[in-house]
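Good morning, everyone, and thank you for coming. Please take a moment with the sequence and the structure before I go through a few of the details.

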Amino acid sequence: MKHPLIVGVLTFFCAFSQYTFAQELATSPEKYTAHNKGKFFIYWGGNRESYTKSDITFKGDGYNFTVNDVKAHDKPKGYHLDYLNPARMTIPQTNLRIGYFISDHYNVSIGVDHMKYVMTQGQTANVTGEINLPASEAGAIHNGTYNNTPTVMSEDFLKFEHTDGLNYVHAQINRVDDISKLFRIWNTDKIQINLTEGIGGGLLYPKTNATLLSKKRHDDFHISGYGVSAQVGLNLTFFKHFFIQGELKGGYIDMQDIKTTSSNADSASQHFGFFQRIITVGGIFRL
């Protein structure tokens, strides 16, 4: 039979231990990383891109035709100091974003995805439409009616790139969740792991480099259409304020007013899907 004194002592110590533990929790300082509301963040990094095939329609004085199922690729810079050189930062494919946490789990942001789109030169694509340029123009050698006609994309017929930037200027809303405990990380002020997902939309502001039927190219930035996107990412924050973030981002781009030549009568249109792999570094702080 249990002794009443022993039972009483054990009961007292259990109650005292629970009280002491609760007091320690109540008095321990709250971690900076416990709450995000009111924090700002900024990040900068680079990306690689993939694109779906697209139909590109060209219209102007003396021609109206579509090149079908055009293949395209990005133009990577690789590991390079240009990412850190303010005078050359637009040469690589980059991502810049600044945002604000409206709650512990949600932030809003604006940014620019500086992608590069290059039509694969020398490919054979089917062309449908008509070209009827004056005989005095160099591009008149391509005059004719095209009916799903296989055509080689030579430079005198078409060179088409958004390499001074397939610039996707957009706003985004993200959800952020601390998943540090899944990795048995308790002191998140030293290392914190976050999962982030988001959706966004905005405008395409490219500087298109196109040589179309040997015409003089248009060489200015121009709002050409819109895009929508979704992303998922993993964020590693160190010492409260510094982070590395990897993202996978996909979306849809529709550009109905692409400037191709120096003539206002000439334009192109296309729509396609894109997929980015992104690595960024950044900071998070309260003002």
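This is a predicted model: local features need pLDDT of at least 70, side-chain atom pairs count only at pLDDT 80 or more; totals for chains, interfaces and linings use all residues.

**A loop residue and some aromatic rings**

Is Ala-140 buried or exposed? With a relative accessible area of 17%, Ala-140 is buried, because that value falls under the 20% cut-off. If we leave aside the neighbours within four places in sequence, Ala-140 is in contact with Leu-133, Pro-134 and Ala-135. Ala-140 and Ser-214 are separated by 74 residues in sequence, and yet their C-alpha atoms are 9.2 Å apart in space.

Let me turn now to the aromatic rings, for which the count comes to 14 aromatic pairs. One of these is formed by Tyr-205 and Phe-221, whose ring centres are 5.6 Å apart and whose planes meet at 20°, so the pair is stacked, given that planes under 30 degrees apart count as such. This pair links distant parts of the chain, since Tyr-205 sits in the loop between β10 (191-204) and β11 (209-212), while Phe-221, 16 residues away, sits in the loop between β11 and β12 (225-238). Tyr-205 is partly exposed, at a relative accessible area of 37%, and Phe-221 is partly exposed too, at 40%.

Elsewhere, one aromatic cluster is made up of Tyr-51, Phe-58, Tyr-63, Phe-65, Tyr-117, Phe-157, Phe-160 and Phe-272. Finally, please look at Arg-286, which lies over the face of Tyr-32, at 5.3 Å from the ring centre.

How values were computed:
Residues are numbered from 1 along each chain as its sequence is written. Side-chain values use heavy atoms; hydrogens and water are left out. Rings of Phe, Tyr and Trp (its six-membered ring) pair if their centres lie within 6.5 Å; planes under 30 degrees apart count as stacked, over 60 as edge-to-face and the rest as tilted. Helices (H or I, at least four residues) and strands (E, at least two) are DSSP runs, numbered from the N terminus. Buried means under 20% relative accessible area, exposed over 50%, partly exposed in between (1.4 Å probe, protein chains only). A charge sits over a ring if NZ of Lys or CZ of Arg is within 6 Å of the ring centre and within 35 degrees of the ring normal. Contact means heavy atoms within 4.5 Å.
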